[in-house]
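Work through the exercises below with the sequence and the model open. Each task is followed by a solution in steps.

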Amino acid sequence: MGVFPFLVVAWILAVGLYGIVTSRHLVHLIVCLIVLQSSTYVLLLGVGYRAGAAAPYFSDIPRRTPAVDPVVQALALTDVVVEAAVTALLLALAVQAYKRFGTLDPQELVQLKG
Amino acid sequence: MKPRQRLWLFLVAVAGLTSFYLWGLVGLPGFGHYPGPYGDIINRIAVGQTNATGVVSAVNFEYRGIDTLGEEFILFAAATGVAIVLRHLRGEREHQPTEAASPDARQDSPAVRQLSLLLTGPMLVLGWNLASHAQTSPSGGFQGGVVLASSFVLIYLAGQLLTLRRLSPVDVTDAVEAAGAAGFVAIGIAGVAMGLPYLTNFLGLGTMPGAVSSSGTIALISFFVGIEVAAAFLLIVSELLDQTLLVRQETS
């Protein structure tokens with residue numbers, strides 16, 4: 001396996017960035033941002049993974065069992081929820097932008113407001 | 001900037017990023033060879049120190065409590081932001097909610113509606129279960145809160161828009177969200193009032209690791225986070241629903 005998961009991270013990041021740069025629609029742009037951000041989840045969980053180790057829950061396994069890093073899992077967990085809320089905020093902004101300017105094309109929006 | 005120039009700039013930037021990233025990978029331990037030591041130390045001491053067998057929750061609500069407080073307030077700010085951004089624009093009028101605006105009036109699949117209605121209760125119980133078992137199992141306030149909010153969304157999917165609005169009036173949801181966020185802060189301040197550092201686990205840890213009553217403030221904070229997350233998502237969903245179903249642009 002080696003570095004394969006980290007290459008996946010780079011790929012997700014690059015695809016998301018490409019989508020944002022070439023986007024012609026705000027909702028598409030926001031979805032690309034979600035894709036971009038999900039690369040951080042793969043990175044966090046990949047960094048903390050240990051081959052053959054258990055999940056960091058010691059309810060029914062001995063306490064000394066080797067387990068994966070719980071810190072990165074905690075980070076990914078809060079990140080997922082916060083990201084969903086921030087996405088809602090961005091979509092709300094897109095709704096209002098459409099109402100005010102009648103377009104969802106970021107490039108036209110730039111022309112409108114200089 | 002023209003789209004073409006932008007694409008070229010992007011390609012140059014991404015080439016630079018890729019080369020630095022690959023360079024960085026050379027020094028990393030391979031996938032599956034976690035070097036530690038931080039995660040290992042936490043895994044070794046967390047159960048003994050907090051009586052919580054779910055170490056991820058222990059990290060979230062104890063060792064990195066302040067960080068989670070910050071995350072929670074991002075969520076709080078985002079939900080408030082949605083409410084502010086979606087306020088009425090000039091020339092907009094809110095229609096009285098009627099069942100005509102709900103999916104009832106449209107040609108929705110009866111199967112979806114019945115299934116949603118059937119799942120509402122189990123979802124509510126599942127969300128509550130998740131939010132109250134942070135200390136023992138892979139769950140906690142964040143996950144439980146989202147599932148709790150989903151159970152309310154199912155009421156809408158079941159074609160009961162008016163019931164949803166009756167069950168979760170915006171004022172009440174606002175207040176509940178604020179109470180959830182304030183609860184987290186208050187637990188921290190309660191520690192300070194006792195002369196301890198902020199967010200110290202000042203409650204009894206219980207006698208048995210892994211019992212629902214164990215782990216002191218971890219369980220309590222998770223409960224408040226669950227309430228806050230559920231209310232925040234419910235608020236976001238009802239603001240967006242109001243936008244599509246009730247607020248209509250004036251044609252004049």
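Two residues are in contact if their C-beta atoms, placed from the backbone, lie within 7 Å. The model is predicted: local features need pLDDT of at least 70, side-chain atom pairs count only at pLDDT 80 or more, and totals for chains, interfaces and linings use all residues. Residues are numbered from 1 along each chain as its sequence is written, while chains are lettered from A and ligands numbered from 1 in the order in which they are written.

**Exercise 1. Describe the surroundings of Leu234(B).**

Step 1. Locate the residue: Leu234(B) is in helix 9 of chain B. Helices (H or I, at least four residues) and strands (E, at least two) are DSSP runs, numbered from the N terminus.

Step 2. Classify the burial. A residue is buried if 20 or more other C-beta atoms lie within 10 Å of its own, exposed if 12 or fewer, and partly exposed in between, with C-beta atoms placed from the backbone. Leu234(B) has 26 other C-beta atoms within 10 Å and is therefore buried.

Step 3. List the contacts. Not counting residues up to four places away in sequence, Leu234(B) touches Ala149(B), Phe152(B), Ser168(B) and Thr173(B).

**Exercise 2. Is Pro122(B) buried or exposed?**

Step 1. Pro122(B) belongs to helix 5 (residues 110–131) of chain B.

Step 2. Pro122(B) has 11 other C-beta atoms within 10 Å, so it is exposed.

Step 3. As a distance check, Pro35(B) lies 42 Å from Pro122(B), C-alpha to C-alpha, and 87 residues away in sequence.

**Exercise 3. Summarise the fold of chain B.**

Step 1. Count the elements: chain B has 9 helices and 2 strands. Their order along the sequence is α-α-α-α-β-α-α-α-α-α-β.

Step 2. Compare with a globule. The radius of gyration is taken over C-alpha atoms, and the globule rule is 2.2 Å times the number of residues to the power 0.38. For 252 residues the rule gives 18 Å; chain B has 23 Å, well over that, so it is more spread out than a compact globule.

Step 3. The C-alpha trace of chain B spans about 65 × 60 × 40 Å along its principal axes, and 39% of the 252 residues are buried.

**Exercise 4. Which element of chain A gives the most residues to the side that touches chain B?**

Step 1. The contact takes 44 residues from chain A and 47 residues from chain B.

Step 2. On the chain A side, two or more residues each come from helix 1 (4–22), helix 2 (26–48) and helix 3 (70–101). Helix 3 of chain A gives the most, 17 residues.

**Exercise 5. What confidence does the model carry?**

Step 1. The model scores ipTM 0.85 and pTM 0.86.

Step 2. pLDDT is the predictor's confidence in each residue, from 0 to 100. Chain A averages 88, with 96% of the residues scoring at least 70. Chain B has a mean of 84, with 91% of its residues at 70 or more.
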